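Biologist: I would like to learn how to read a model like this. Please show it to me.

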Amino acid sequence: MIQLAFYAFASLSIVGALAVLFTRNVLYAAFFLLLTLLGVAGLFVLASADFLAIAQIMIYVGGVLVLVIFGVMLTHKPEPPGDVTSQQPNRIASLNRSGSWSGWVLAVLVAGSLFVALFTLLVRANFALLNQPVGWQSTVNTIGKQLMTEYVVPFELAGILLLAALVGATYLASPLAKLARNGTR
């Protein structure tokens, strides 16, 4: 039963990711991304990582994906009446699409070398959790204890860094900063 659930979640993730890759409509891509993220959350649950599954759903599905969908809906421009039936994808000018093969060769070499490096790393890795029997214990207590004892300094430093980024973003978006930037030009 667990293997059947694993294959169902894995195929949901793969099919959703491929649909995101090949669809031409950004809104459909966002909905297919929802399926992919839910499949990954299901895989986290099967791996006894319930905290990661809940964080995946709350952060990526509840926050980022809703933000992407609102961004798409709010920035949608109505097309001129003559282009209503157009099925052409949006064109993005880049050097890789200029027809030269050197860009594609470089991309394939970089992607292939990254794949080989990651595959070698995964094959040689000794995952300690794979040797333990699968249990249905909650990981929330373990993560909470680790964050408050062994990893308290990196946890607090990350919190201070995020607070500084939030204050900086608020300052850059404020009208006073815009006036100061426009006044110096």
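Biologist: Are phenylalanine 115 and phenylalanine 119 buried or exposed?

Modeller: Phenylalanine 115 is exposed, and so is phenylalanine 119. Buried means under 20% relative accessible area, exposed over 50%, partly exposed in between (1.4 Å probe, protein chains only). This is a predicted model: local features need pLDDT of at least 70, side-chain atom pairs pLDDT 80 or more, while totals for chains, interfaces and linings use all residues. Residues are numbered from 1 along each chain as its sequence is written, and side-chain values use heavy atoms, without hydrogens and water.

Biologist: How many aromatic pairs does the structure hold?

Modeller: Rings of Phe, Tyr and Trp (its six-membered ring) pair if their centres lie within 6.5 Å; planes under 30 degrees apart count as stacked, over 60 as edge-to-face and the rest as tilted. The structure holds two such pairs. Phenylalanine 6 and tyrosine 7 are edge-to-face, at 5.5 Å centre to centre and 65 degrees between the planes. Phenylalanine 115 and phenylalanine 119 are stacked, at 6.1 Å and 20 degrees.

Biologist: Which way do H1 and H2 run relative to each other?

Modeller: Two packed helices are described by the angle between their axes and the distance between the axes. Helices are DSSP runs (H or I, at least four residues), numbered from the N terminus. Axes are lines fitted to C-alpha atoms over the stretch in contact, and angles run from 0 to 180 degrees between N-to-C directions. The axes of H1 (residues 2–22) and H2 (residues 26–46) come within 8 Å and cross at roughly 155 degrees. H1 and H2 are therefore roughly antiparallel (over 145 degrees).

Definitions and conventions
Helix = DSSP H or I, 4+ residues; strand = E, 2+ residues; numbered from the N terminus. Parallel < 35°, antiparallel > 145°, perpendicular 65-115°, else oblique.
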